[in-house]
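I opened the model this morning and kept short notes as I went. Here they are, in the order I looked things up.

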Amino acid sequence: PSGAQAADGHSAEMPRLVREDGRYALMVDGAPYLVLGAQANNSSNWPSVLPQVWPAVDQVQANTLLMPIAWQQIEPTEGKFDFSFLDTLLAQAREHKKHLVLLWFGTWKNNSPSYAPDWVKLDNDRFPRVVESKGIMRGSLSPLAPATLDADRKAFVAFMRHLKQVDGQQHTVLMVQVENETGTYRAIRDFSPMAQKVFDGKVPDDLVKALKKQPGTWKDVFGKDADEFFHAYYVARFVDQVAAAGKAEYPIPMYVNAALRDPFKDQDPYSYSSGGPTWNVLDIWKAAAPNIDLIGPDIYERGYDFYTKTLEQYKRPDNALFVAETGNDSVYARYVFATLGHQGIGFAPFGIDYTRYVNYPLGAAKIDAEALEPFAMNFKLLGSLNRELAALSLKGKVWGASEPTAEHSNTLDLGPYKVTVGYGLPQFGEAKPTGNDKPCGGVVIAELAPNEYLVAGYHARVDFAQTTKAGKNGFMMASVEEGHFENGKWVFERLWNGDQTDYGLNFTSIPQILKVRFATY
Ligand code: N0T
């Protein structure tokens, strides 16, 4: 990696998101990097709580802590800023050798302005709220009020200006999330007279063009989706203007996270966070928020089909996949492999601290060192591989498999090889996979060179087959090395052979990394 190294190992080079052939990498210290993240609970953003945060972050071996920076905390009185928490957090992150992703909790923290200062959230006249179709006022603020945009933007600019001053050299902070799970609950859009006037007007040209539509009113252009699409557009415009102003101070990558909608069905927007970046409005968000580098899903559904469908929806040539939040229950841990297989640049379980708060049923019912062990296994394994995987992923040479919920195996198409990953198999002999007791297995595979692959994982058996017959008689694993990476160099530990390879590559409860070379005879 290039870039002058600062004393704490962080570099003078700015973090940035790069795109090559529709694939992405987050560049940190000048080279591709995987965010092995951990998000603290919502109210852990106080100096007094940090002692309960770091032990959990260290326990899971995350390289990055995701932490809220609340508007109410930095600007309790209008125009007077207090960045003491941010300064404390930065100093401690450097001591712990962790990166940070900061989450701007402003106008939207899941629908509501609960994290806005009192002078904002208690002043409906100056900062109007969404009014739903029957005239009932909701908690969520309207995206159409210029005063709200102006106030949020000013605070965000002050935050980014301060961040540049205190971190513009070291780059402990990798990205900033702008707002949190935007959109509005129990209203599809703002129906106040102020908003209705805008809704009755024409769809802005930029959106019409981006979506290749004919000009007209929202109803003309979008029919039954008009209300939701209108709300999405103006929430995205709001967020984009906040991000743009922040980037003018300090241009590090900025993203938004999404409270999801059913990935398979049309769901009534009244029943989810309408206007937020759900899969059905990603094109609108992309057009309306060009200053947002990526849109990341928050995945709190345990089912394999829901999870992987969501990964597919948010991995696009115009969107880098980043699992911005996911549940901290053990069954979510294995999805890091499917995330990597979908070219993910990061994965961040939510609720990683020892405050004793748990968001069950979304996540685990209890959080202690044992509950966090599956996440620790992930990050221990991927910590060693981080740079290699991120670089190969940018080249399209990474595949991943997570144990399904209903089935007990899956297949990966590597081109010259087809890989079958089985779960719950004995390590000796042939058998039918029956699945692990709870789904918990997964593997990641990366092509190092023709016929040479890294294979890493746990609780799974991996079998390679040739897709087209090469060689006169057959092919073999010429060598299977177990090892790990240290500063970009492969460190050999031992060869696997005999029982360990006769019936596939048998990954156990210990995360392991193999380098496998194939040959024909
Ligand atoms: C998340 C988190 C935090 C099963 C919930 C998820 C975080 C926010 N919201 O603990 O509040 O700040 O982004 C909402 C998921 C609802 C899913 C319900 C379907």
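I began with a crossover: β10, helix α10 (residues 282–288) and β11 form a right-handed β-α-β unit. By right-handed I mean that, with the strands pointing away from the viewer, the path from the first strand over the helix to the second runs clockwise. My helices (H or I, at least four residues) and strands (E, at least two) are DSSP runs, numbered from the N terminus.

A note on the source: this is a predicted model, where local features need pLDDT of at least 70 and side-chain atom pairs count only at pLDDT 80 or more, while totals for chains, interfaces and linings use all residues. Residues are numbered from 1 along each chain as its sequence is written, and side-chain values use heavy atoms, with hydrogens and water left out.

Next I checked the neighbours of β10. I call two strands paired if DSSP finds at least two bridges between them. β10 pairs in the parallel sense with strand β11 (residues 294–299) over five bridges, and A258 has P297 in β11 as its bridge partner. Strand β9 (residues 173–180) is also parallel to β10, over two bridges; here V176 stands opposite M254.

How enclosed is strand β10? Six of the six residues of β10 (residues 254–259) are buried, so the strand is largely enclosed by the rest of the structure. Buried means under 20% relative accessible area, with a 1.4 Å probe and protein chains only. I looked at both faces: M254, V256 and A258 cover one side, and Y255, N257 and A259 the other.

Then I moved to an open sheet of three strands, in the order β1-β2-β3 with antiparallel pairing. Its edge strands, β1 (16–20) and β3 (31–33), each pair on one side only. From one strand to the next the twist averages 55°. Three bridges join β2 (residues 23–28) to β3, and L26 has Y33 as its partner in β3. Helix α14 (residues 369–394) lies across β1, β2 and β3, at about 105° to β3. For such angles, axes are lines fitted to C-alpha atoms, for helices over the stretch in contact (heavy atoms within 4.5 Å), and angles run from 0 to 180 degrees between N-to-C directions.

Last, the ligand. Of the 13 residues around the ligand (a heavy atom within 4 Å), N42, K109, N180, E325 and N359 come nearest. I also noted polar contacts, pairs of N or O atoms within 3.5 Å. N42 has a polar side-chain atom 3.0 Å from a ligand oxygen atom, and E181 likewise has one 3.0 Å from an oxygen atom of the ligand. For N110, a side-chain N or O atom is 3.3 Å from a ligand nitrogen atom.

How values were computed. Buried < 20%, exposed > 50% of the residue type's maximum accessible area, 1.4 Å probe, protein only. Polar contact = N/O pair within 3.5 Å; in protein donor to acceptor, adjacent residues only side chain to side chain.
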